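Visitor: I have a model open and want to learn how to read it. Can you take me through some features, one by one?

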Amino acid sequence: MKRIISIMLCIFALAALALPAMAANTVAEVDAPYGVQYKVNGDGISERITISCMLTDKLAELTGDPQVLESYGITYAFGYIQLDYRIDGGAWQYAKEWDTAPDSSFYGAALNRGETVKTLDLLYLTNETAMEACGALAIRTEDGKKLFDLENHSLEFRLRVSYGYTNTDNYVVNSKWTEPIKVERDVKAEELPTEFEAPIVSDLKVEFLEEDQMPYLTFKIKTPESIKKAQTLYSTQILTGFSLQCFADTGDGYEQVSLNTGSSFYSNETKSIYLSGSEFDDEKRVKVKLKYMIYDADENVLYSEETEPMTVVTPRWEEGKGILHAKCTTCGVCRPIFGVCMFIAFGVAAVVIVVAAVIIKMQVDKAKRRKEEQEAERRRKIEEEKAAYNALKQAKKEKNKKKQ
């Protein structure tokens with residue numbers, strides 16, 4: 001009894017230690033932005049400094065993957081790129097309030113769910129308020145142009161991620177700052193790539209709308225690092241970005257279908273394609289493939305490599321009724337069992353059952369005959385033994401009579 005009590009106490013002690021650890025399932029750190037690009041852009045009247053940076057897939061999951069958020073018990077999450085700068089080596093704009101309130105009241109921009117590339121303006125000279133905020137860094141020329149005086153003044157910036165979320169409590173986690181980057185007007189920009197990898201697609205499947213049970217495809221895109229890098233270069237140098245194109249084929253050639261998504265095309269958030277039913281062939285199959293598209297500096301269209309065609313099969317459905325059942329390719333009526341026609345499956349099962357029944361009956365009959373034979377043999381032996389006993393008994397009687 002003492003041993004049992006000791007074991008129970010140990011279990012309770014371990015549980016007491018484990019529960020606080022489980023409750024403290026918090027995000028300990030977040031990754032800083034990387035691959036930062038910038039450029040001074042102008043329209044001939046005013047200038048702005050555009051910055052793009054890359055974000056890790058782990059951070060994208062923390063802002064947009066429901067399974068990851070659930071693993072931390074997170075009910076609400078909010079990511080923000082904080083942008084800090086200083087002019088002529090003076091003080092940074094950073095204040096302690098930035099550490100505990102990742103919102104738009106500070107310099108920077110909110111992250112979309114699952115975003116892996118972010119583009120934002122460092123400073124811009126589109127109005128008088130912006131001119132005043134830049135101080136001596138901003139000048140107005142005689143012909144009224146608003147420019148940055150980077151020849152006589154210096155400008156540095158740095159970035160970090162501020163991630164706020166709600167678990168059992170409210171938390172804010174900040175990444176490290178990037179190294180300070182000095183802005184130069186004539187910085188040599190990297191050459192824009194013209195060849196691109198295909199999107200990386202996962203979790204492609206058919207789902208149905210709740211309201212009318214019409215089918216649609218959902219999938220996720222993992223952005224290749226080369227596409228992230230290309231996006232930062234294009235978005236800072238010529239202010240353009242990638243779009244994602246999807247093509248469907250039911251046997252008569254591929255046609256482009258519309259993507260229904262509000263997220264950026266270089267994020268890992270789930271995307272969807274609503275289908276009218278015409279995209280499916282008679283066997284409710286459709287092949288899809290995807291690729292990126294972007295415009296170069298001369299407005300020429302550039303495409304990435306295409307994904308390999310992916311075949312999706314949808315269950316049978318009717319508008320307004322939703323899923324019926326998968327159409328049997330053999331009889332066209334039944335619900336297939338493990339991919340086999342129901343009638344064939346039941347027929348095979350019936351034959352197997354009949355054969356099994358016959359075999360079992362034969363075995364039972366054989367056992368019954370063997371038992372009857374054994375019983376007959378036993379009775380024969382008993383009769384023989386009885387006859388021998390009676391004969392012996394009769395012989396003794398006759399012997400006794402002779403003696404008398």
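**Reading the model**

Guide: Start at the surface. Val340, Ile344, Val348 and Val352 form a nonpolar patch there, with about 320 Å² of accessible area together. This is a predicted model: local features need pLDDT of at least 70, side-chain atom pairs count only at pLDDT 80 or more, and totals for chains, interfaces and linings use all residues. Residues are numbered from 1 along each chain as its sequence is written, and side-chain values use heavy atoms, with hydrogens and water left out.

Visitor: What makes a patch?

Guide: Patch residues have over 30% relative accessible area and no salt bridge; nonpolar side chains (Val, Leu, Ile, Met, Phe, Trp, Tyr) are joined within 5 Å, like charges within 9 Å. Areas come from the Shrake-Rupley method with a 1.4 Å probe; for residues, only the protein chains shown count as cover.

Visitor: Is Val352 buried or exposed?

Guide: The classes are: buried, under 20% relative accessible area; exposed, over 50%; partly exposed, in between (1.4 Å probe, protein chains only). Val352 counts as exposed because its relative accessibility is 52%. Val352 lies in helix H6 (residues 342-403). Helices (H or I, at least four residues) and strands (E, at least two) are DSSP runs, numbered from the N terminus.

Visitor: How do E8 and E9 pair?

Guide: Two strands pair if DSSP finds at least two bridges between them. Strand E8 (residues 155-166) and strand E9 (residues 170-174) run antiparallel, with 5 bridges. They make a hairpin, with 3 residues between them. Thr166 stands opposite Asn170 in E9.

Visitor: And side chains along a strand?

Guide: In a regular strand they alternate between the two faces of the sheet.

Visitor: How many aromatic pairs are there?

Guide: Rings of Phe, Tyr and Trp (its six-membered ring) pair if their centres lie within 6.5 Å; planes under 30 degrees apart are stacked, over 60 edge-to-face, the rest tilted. That rule gives 11 aromatic pairs. Tyr165 and Tyr171 form a stacked one, 5.1 Å centre to centre with 20 degrees between the planes. Tyr165 is buried, at 2% relative accessibility. Tyr171 is partly exposed, at 27%.

Visitor: Why is the pair of Phe242 and Tyr292 edge-to-face?

Guide: Their planes stand at 65 degrees, so the pair is edge-to-face; the ring centres are 5.6 Å apart. This pair links distant parts of the chain, 50 residues apart: Phe242 is in the loop between helix H5 (225-237) and strand E13 (243-249), and Tyr292 is in strand E16 (residues 285-295). Both Phe242 and Tyr292 are buried. Ring pairs also link these two with Phe196 and Tyr234 in a cluster.

Visitor: Which charged residues lie over the faces of Trp177 and Tyr254?

Guide: A charge sits over a ring if NZ of Lys or CZ of Arg is within 6 Å of the ring centre and within 35 degrees of the ring normal. Arg158 lies over Trp177, at 4.3 Å from the ring centre. Lys289 lies over Tyr254, at 4.0 Å.

Visitor: Next, salt bridges. What is the general idea?

Guide: Side chains of opposite charge can pair when their charged atoms come close. The cut-off is a side-chain nitrogen of Lys or Arg within 4 Å of a carboxyl oxygen of Asp or Glu. A search of the whole structure finds 19 salt bridges. One of them joins Arg160 and Asp99 (2.6 Å, N to O). It links distant parts of the chain, 61 residues apart: Arg160 is in strand E8, and Asp99 is in the loop between strand E3 (76-87) and strand E4 (108-110). Arg160 is buried at 5% relative accessibility, while Asp99 is partly exposed at 25%.

Visitor: Are Glu115 and Lys118 buried or exposed?

Guide: Glu115 is buried, at 4% relative accessibility. Lys118 is buried too, at 10%. Their side chains meet in a salt bridge (3.5 Å, N to O).

Visitor: Which residues are linked in a network with Glu151?

Guide: Glu47 and Arg185, through salt bridges. The closest N and O atoms of Glu151 and Arg185 are 3.4 Å apart. Glu151 is exposed, with a relative accessible area of 55%. Arg185 is partly exposed, at 27%.
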